[in-house]
Amino acid sequence: MRTSYLLATIVVLACASYFLGRSRAFAVSRSCGGVRGLHSLPSHYGMWTALWCALPALLVCAVWNAAESPIITSLVVAGLPADISSLPPNRLSLIINDIRNIISGNITSGTPSPAIMQAAEHYRALQAISVNAMSAVILAIMVAAGIAVRNRISPALKARNKVEKLIQILLFLSSAIAILITVGIVLSVLFEAIRFFKVVHLSDFLFGLSWSPQTAIRSDQVGSSGAFGAVPVFAGTALIALIAMLVAVPIGLMSAIYLSEYAGKRFRTIAKPLLEILAGIPTVVYGFFAALTVAPFIRDTGGLLGLSVSSESALAAGLVMGIMIIPFVSSLSDDVIHAVPQTMRDGSLALGATKYETISNVVVPAALPGIVGGVLLAVSRAIGETMIVVMAAGLSANLTANPLKTVTTVTVQIVTLLVGDQEFDSPKTLAAFALGLLLFVFTLILNIIALYVVRKYREQYE
Amino acid sequence: MKQPTTNPAIDKVNRGLRRRYRAERRFRICGATAIITALCFLFLLFFSIVANGYKAFQKTYIQIDVFFDPAEFANENLATANFPGLVKTSMSSLFPEVNSRGDKKELFYLVSPGASFQLMQLVKNNPNLIGQQQSVWVAANDDVDMLLKGHIDRTRPETERRVSDKQLAWLDALAADGKIKKTFNTTFFTSGDSREPELAGIWGATCGSFYTLLITLSLSFPIGVAAAVYLEEFAPKNRWTDIIEVNINNLAAVPSIVYGLLGLAVFINFFGMPRSTPVVGGLVLTLMTLPIIIIASRASLKSVPPSIREAALGIGASKMQMVAHHVLPLALPGMLTGTIIGMAHALGETAPLLMVGMVAFIVDIPHGFTDPATVLPVQIYLWSDSPERAFVEKTSAAIMVLLIFLFLMNAAAVYLRKRFEIKW
């Protein structure tokens with residue numbers, strides 16, 4: 001809460017300094033024949049003052065908040081009695097956790113010892129000092145910067161150019177965040193994955209045929225081996241994605257063709273938004289639908305036909321995922337079919353071809369690269385889809401091509417390995433990051449190819 | 001005046017004509033079938049959810065006569081008073097003939113464990129009640145609720161249903177006395193999560209969603225618009241901006257769970273931010289929606305015709321003034337539409353939030369950005385995992401609420417587009 005008050009103060013002070021700078025600009029303009037004598041508009045001088053006031057303050061605030069917690073913690077640890085501060089790091093971090101819990105009023109593990117209570121008191125005192133110091137420093141910076149800039153305002157100051165340059169830098173930084181996100185994804189996943197591959201060999205992971213990521217707490221435990229062969233997981237992902245595509249591609253493609261080539265205007269204005277509703281439904285809803293309605297239905301129908309169907313069959317998850325992807329395929333195909341020039345259709349029709357022949361011999365071949373690109377994007381979507389498979393597919397990693405059996409997927413494994421408490425030194429947790437890395441790399445390749453194909457295709461007819 | 005054709009090519013065409021028309025018809029029917037299949041799935045989805053969930057908006061109450069015995073309130077502290085005892089006494093007084101220990105247990109099972117909290121609240125609000133007799137409607141247990149809504153089959157053998165024959169008899173007696181009623185389920189909209197289905201509500205998750213989305217909106221909208229303005233208006237055409245562009249398009253297609261991994265590794269492990277809080281959830285969703293907003297904003301900026309820019313520059317505006325005073329206001333409706341769609345996306349997102357620990361079981365209503373919280377879709381996920389039959393109903397009802405929110409957001413986006421779209 002304290003940070004939000006501080007932010008509010010910074011905003012208020014920045015607004016005040018805007019008016020300060022503006023009125024100063026009016027004041028100095030009197031000496032040189034009115035506002036026209038200024039280099040820039042008075043508001044530019046105001047903005048210049050406000051920016052100089054706010055930006056350093058925000059920067060200090062951000063750095064302070066990031067650095068505060070580690071510094072205080074190390075000070076508190078240094079102040080602990082020797083028998084506690086010499087504990088191994090993991091025990092020590094438990095104690096630090098306890099101290100933090102005492103401060104925020106949460107329940108601690110066991111009754112805290114007086115030394116820990118004292119440390120908590122110490123922590124609290126340091127925190128109070130830090131808050132006060134930060135507020136004081138920031139206010140001082142803002143006032144000093146405001147006054148300094150105000151005194152520098154003169155008719156010759158090129159305020160507009162400076163303000164615009166600064167804003168342009170801010171705009172550039174915003175767009176650079178996109179790069180930062182990618183770098184963040186790659187680094188965060190890569191580092192943990194590398195730690196994983198130090199424990200489990202890369203080839204064991206990529207080509208091993210058995211997946212059971214349970215590692216033992218005690219070494220004599222049953223089933224403690226912890227096999228990290230990811231092939232069954234990949235096979236399960238591929239199987240479910242394949243079922244999904246078998247549902248989505250024919251239905252999506254045919255819908256797109258019908259809507260763009262046959263349907264009347266009225267039908268289109270009703271059917272198209274309805275199809276798009278399918279795309280807007282959250283995946284957790286599809287997951288619930290799959291688990292509650294589709295999976296039991298398939299299991300019971302299979303039972304009637306004398307088949308043994310698992311209640312978490314790949315078929316149910318794949319079918320519902322296919323439904324989810326229908327609008328994705330159809331809207332992408334619709335786009336590319338629309339991009340095929342009308343003259344090509346007219347040419348074919350004029351030669352006496354029926355509409356079906358025009359579509360199958362002219363429109364679809366011309367749109368094929370775009371359609372393939374769209375399908376690739378849809379595949380990458382199916383592979384990365386999480387909630388449907390978490391709720392409707394199973395956990396046991398079976399290496400099977402039978403859609404009636406239970407399989408597991410990459411995303412399911414990531415979720416089950418990472419939800420709940422984790423320790424970041426066991427291969428079990430790190431395996432999730434290795435799977436995440438593969439998922440990211442694979443979808444990235446698919447996306448790059450797909451986007452490239454779609455883009456090339458668009459250029460062809462523009 | 002039809003002349004018999006002698007041209008063999010025409011004859012050949014005519015012979016094939018019937019087959020070709022048949023193929024044409026077949027194809028057309030295929031297309032129509034595809035659309036109808038897709039729409040059937042949509043209908044089936046909505047139907048199964050509404051059919052499962054519409055009864056959750058009603059809740060069963062049982063009327064009991066409570067005597068607030070002054071002896072129980074001898075102690076000043078209300079929390080120490082034996083409210084469960086009061087409920088049990090009142091239930092026993094309804095059926096004085098029930099004596100055995102086992103039977104009493106079954107009888108007390110009919111009312112929700114929340115009943116004693118309800119009584120406590122009553123006394124807290126009105127201490128004068130002590131020493132008085134008062135009839136109170138208390139929530140029934142979820143199994144009773146399910147029975148009265150017809151989800152538990154009375155005709156099944158006793159061992160196969162969750163309500164015993166004795167309980168059925170008591171309930172029938174209560175119903176005959178008019179001591180059972182079903183009213184609108186306000187608990188569902190006002191309370192947080194609970195292990196007892198009859199006490200569980202979505203208000204906690206709704207607040208969590210609100211705080212999370214507030215963070216997402218306040219970060220992703222300004223940053224997204226700024227990035228789009230830079231890329232569209234200022235960026236020089238060089239390799240760097242090309243990379244940024246390809247990058248953004250790729251980010252929009254990265255699986256959402258990967259963003260969850262990023263949040264876990266960077267925000268929680270590296271920066272040590274608190275788990276399960278709207279701050280972290282909001283940050284993760286910001287990263288996820290940012291590409292969507294940037295792409296939509298760029299499209300919107302692109303649709304502003306160059307003549308506007310040239311006119312502004314022509315009368316002496318600087319480039320920044322041209323953008324801020326002319327291009328941005330014209331592009332803003334499109335940007336807002338894109339932002340609303342991005343927010344709707346974020347509202348329905350579940351997977352990355354599972355990674356940053358927003359799946360915790362949280363009873364309290366969150367009151368800030370750093371309180372542990374959960375969000376609506378995660379609440380749906382949590383409930384869908386619960387074994388009680390009553391939670392199926394609750395899950396479907398929560399889905400309906402979520403879909404209504406999404407519908408409203410999308411309607412707002414469509415309205416904005418229709419209202420402010422300018423055809424140049």
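Where does H13(A) bend, and which proline follows within four residues?

## A bent helix in chain A

H13(A) bends by about 60 degrees at Leu368(A), and Pro369(A) is the proline that follows within four residues. The bend at a residue is the angle between axes fitted to the seven residues ending there and the seven starting there. This is a predicted model, where local features need pLDDT of at least 70 and side-chain atom pairs count only at pLDDT 80 or more, while totals for chains, interfaces and linings use all residues. Residues are numbered from 1 along each chain as its sequence is written, with chains lettered from A and ligands numbered from 1 in the order in which they are written.

Helix H13 of chain A covers residues 355–384, and its 30 residues leave the end C-alpha atoms only 37 Å apart. A straight helix would reach 44 Å at 1.5 Å a residue (the expected span is 1.5 Å times one less than the number of residues). Helices (H or I, at least four residues) and strands (E, at least two) are DSSP runs, numbered from the N terminus.

## Where the chains meet

Chain A brings 70 residues to the contact and chain B brings 69 residues; two residues are in contact if their C-beta atoms, placed from the backbone, lie within 7 Å. On the side of chain A that touches chain B, helix H6 (residues 159–199) gives the most, with 19 residues.

## A sheet in chain B

Chain B has an open sheet of 3 strands in the order E2-E1-E3, with antiparallel pairing; strands pair if DSSP finds at least two bridges between them. Strands E2 (133–139) and E3 (180–184) of chain B stand at the edges with a single partner strand each, so one side of each is left without a neighbour in the sheet.

Strand E1 (residues 58–67) of chain B pairs with E3(B) in the antiparallel sense over 5 bridges. Ile62(B) has Ile180(B) in E3(B) as its bridge partner.
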